[in-house]
Amino acid sequence: MFPGVKSTARTASSKKTKKAVKKKTVKKTATAVKRTCKTVTRKVHGKKRKVRVCTPVKKRPAALSKPATTPAVKKPAASVKPAPVVAPKPPVTAPEVAVAPAYVAVPTFTKPVSEAHIERLLWRAGFGPRPGQAAALAGGDLQSAVFALTRPAGAAQLTGPEPVDDNGHPLTPADAWGHDHCWWLDRMVRSDQQLVERMTLIWHDWFATSNDGVGDAGLMLAQNQLFRDKALGSFDDLFAAVTIDPAMLIWLNGTSNNKWNSNENYAREMMELFSLGADRGAYTETDIREMARTLTGWRNDWSNELGAHNFRYDASFHDIKNKTVFGHTGNFDYRDAVRLCVEHPQHASFFCTKLWSYFVPVAPDDATLAALQGVYLAGGRQIRPVVEAILQHPAFIDGPPMVVPPIVYTAGLLRAVGRPIDTTAWSWLAPYGGQRLFYPPNVAGWDDSRWLDTSTVRGRWVTAHYVLSKLSIAPYAKPGYDATEDAAQAVARAMAALGNPTISVQTQQVIAEYANSCLPPMLGWQQAPYRAMRQNALRMLIATCPDFHVS
């Protein structure tokens with residue numbers, strides 16, 4: 001075959017194929033078209049004739065039709081309504097008893113302690129050192145010093161003159177205004193069980209109860225003794241005793257809480273302030289209401305002669321129906337209320353963190369907090385082991401300084417100068433410093449973060465003036481003060497008068513500069529009285545210097 005023929009045959013074949021395709025396409029199109037026909041009458045060439053007319057009708061495109069694989073949607077019956085969507089409540093997962101974390105040793109300070117270390121210990125775990133006390137304990141180990149505070153033997157001994165009022169009469173703390181404050185201040189000054197007294201103050205703040213609401217000094221004094229008796233024992237026992245304490249029953253309306261009309265005050269505070277803490281997800285408003293029902297049953301009598309008295313549990317006033325608290329249901333009473341709180345998994349962390357805050361100004365790290373919880377839970381929620389662990393922690397003995405509470409400052413000054421309670425002025429001076437005993441500002445206690453401001457610093461200054469007033473040197477008294485005392489001697493004598501406290505180098509420099517520069521040119525007869533006045537001023541400067549307000 002010639003090349004041209006091959007080419008012509010391929011072209012013819014190609015045309016034939018195209019025609020075939022064209023015909024096939026037309027056929028497809030033809031088969032795809034439907035016609036609708038009908039017979040109509042029309043005029044054709046001026047005459048009416050019947051004519052059959054057909055109109056093509058196209059199919060609906062396949063893309064617009066409903067797919068064959070799409071399942072039919074079944075409409076619900078008219079009588080069936082869809083269920084409303086309700087957000088699920090978070091589950092309460094409180095185990096019956098909190099499990100102690102794996103034992104981790106609490107860090108301890110193992111170096112020999114200095115005099116400054118001992119002073120800090122005695123200021124934070126007591127009411128400041130007596131003259132010479134810190135020096136005598138310096139150089140030993142911290143554990144021995146701590147155990148001497150936490151493990152006293154026998155009843156407390158009160159050393160020194162008995163407290164009296166301005167007329168020399170014995171105090172009557174249950175009856176006379178301000179005598180309650182001075183009576184307790186006397187124990188702070190004279191007791192040989194300093195930590196027990198300091199823990200009594202801590203529990204007074206922890207379970208804050210004010211005589212403004214109680215109106216009975218006798219009940220307040222009884223509560224005060226309760227705190228003292230249980231200061232370092234079982235927290236469970238302390239909490240249970242406070243729950244039914246008459247002063248607390250009045251303060252937080254415990255005797256107004258009955259099965260007919262429940263009162264939620266104590267139920268809320270026993271969780272928020274006393275055992276679990278606020279904003280931690282530990283409890284709900286429902287838990288508070290149910291806990292209030294759990295605490296029903298306490299009542300008291302009242303008369304003009306005796307006031308509130310005859311506090312008792314009356315089963316007929318108690319709500320005996322089941323209550324659900326922290327996810328547990330039962331016919332609970334006030335004893336169960338305490339148990340449910342202390343066995344809550346978030347109680348141990350709250351307890352250890354809050355107790356720590358009374359001794360250390362910065363929060364514990366995670367490892368320390370876990371270790372303290374281990375000590376607390378392994379010991380059956382005993383207070384003493386946790387206190388001992390805190391007092392031996394490096395953050396306590398070697399950490400940042402902490403502001404001394406106002407009442408501790410007053411008691412510490414009295415101990416330093418050896419002055420007993422010989423006036424009731426401390427009662428009316430106390431509010432100026434920001435802390436009157438038996439009168440915390442509210443159920444949350446005193447705000448430890450606001451001990452020092454422009455008003456309370458002045459209150460401390462006035463308090464220091466009263467403390468030192470009876471020790472003041474009369475400038476013109478005979479035979480007269482030392483007319484040859486130089487500045488260095490003046491500073492040394494002033495420091496000795498206040499028990500030789502440890503003060504910073506900066507404070508020492510300021511005091512020394514004042515001693516060197518405060519005296520004007522003097523005549524011979526002025527030498528002794530002016531030096532006496534300098535001595536009084538130096539004592540006041542030391543007592544009110546920044547170092548005396550922190551430990």
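## Leu 219 and its neighbours

Contact here means heavy atoms within 4.5 Å. The model is predicted. In it, Leu 219 touches Val 214, Pro 246, Ala 247, Ile 250 and Phe 311, leaving aside residues up to four places away in sequence. Leu 219 sits in helix H8, which covers residues 217-229.

Is Leu 219 buried or exposed? Its relative accessible area is 15%. Buried means under 20%, so Leu 219 is buried. The chain also brings His 309 into this region: the C-alpha atoms of Leu 219 and His 309 are separated by 9.6 Å, although the two residues are 90 apart along the chain.

## The nonpolar core

The largest nonpolar core has 129 residues. Which residues have the most contacts inside it? They are Met 199, Trp 203, Trp 206, Phe 207, Phe 235, Met 270 and Phe 359. As a general point, nonpolar side chains in soluble globular proteins tend to be buried together.

Take Phe 359. Among the residues it touches, not counting those up to four places away in sequence, are Met 199, Ile 202, Val 387, Ile 390, Leu 391 and Met 402. Arg 124 and Phe 396 are also contacts of Phe 359. These two residues meet each other as well: Arg 124 lies over the face of Phe 396, at 5.5 Å from the ring centre.

## Aromatic pairs

The structure holds 25 aromatic pairs. One of them joins Trp 184 and Phe 438, with ring centres 5.4 Å apart and planes at 50°, so this pair is tilted. The pair links distant parts of the chain, 254 residues apart. Trp 184 is in helix H5 (residues 179-190), while Phe 438 is in the loop between helix H19 (425-433) and helix H20 (454-469). Both partners are buried: Trp 184 has 0% relative accessibility, and Phe 438 has a relative accessible area of 1%.

Ring pairs also build a cluster. Its members include Trp 203, Trp 206, Phe 207, Phe 235 and Phe 239, along with Tyr 266, Phe 274 and Tyr 376.

## Helix H9

Why is helix H9 (residues 235-243) described as largely enclosed by the rest of the structure? Seven of its nine residues are buried. They are Phe 235, Asp 236, Leu 238, Phe 239, Ala 241, Val 242 and Thr 243. Phe 235 and Phe 239 from this list also belong to the ring cluster.

A side-chain oxygen of Ser 234 reaches to within 3.2 Å of the backbone nitrogen of Asp 236.

## Backbone details

Two residues other than glycine have positive phi. Asp 279 has phi near 55°, and lies in the loop between helix H11 (265-272) and helix H12 (285-294). At 83% relative accessibility, Asp 279 is exposed. Asn 310 has a phi of about 55°, but lies in strand E4 (residues 307-313). Asn 310 is partly exposed, with a relative accessible area of 40%.

Where does the chain carry a cis peptide bond? The bond from Lys 478 to Pro 479 is cis, with omega near 5°. Pro 479 is in the loop between H20 and helix H21 (487-497).

Key
Residues numbered from 1 in each chain as written. Predicted model: local features only at pLDDT ≥ 70, side-chain atom pairs only at ≥ 80, totals over all residues. Heavy atoms only, no water. Helix = DSSP H or I, 4+ residues; strand = E, 2+ residues; numbered from the N terminus. Buried < 20%, exposed > 50% of the residue type's maximum accessible area, 1.4 Å probe, protein only. Phe/Tyr/Trp six-rings, centres within 6.5 Å; stacked < 30°, edge-to-face > 60°. Lys NZ or Arg CZ within 6 Å of the ring centre and 35° of its normal. Core = buried A, V, L, I, M, F, W, Y, C linked by side-chain atoms within 4.5 Å. Polar contact = N/O pair within 3.5 Å; in protein donor to acceptor, adjacent residues only side chain to side chain.
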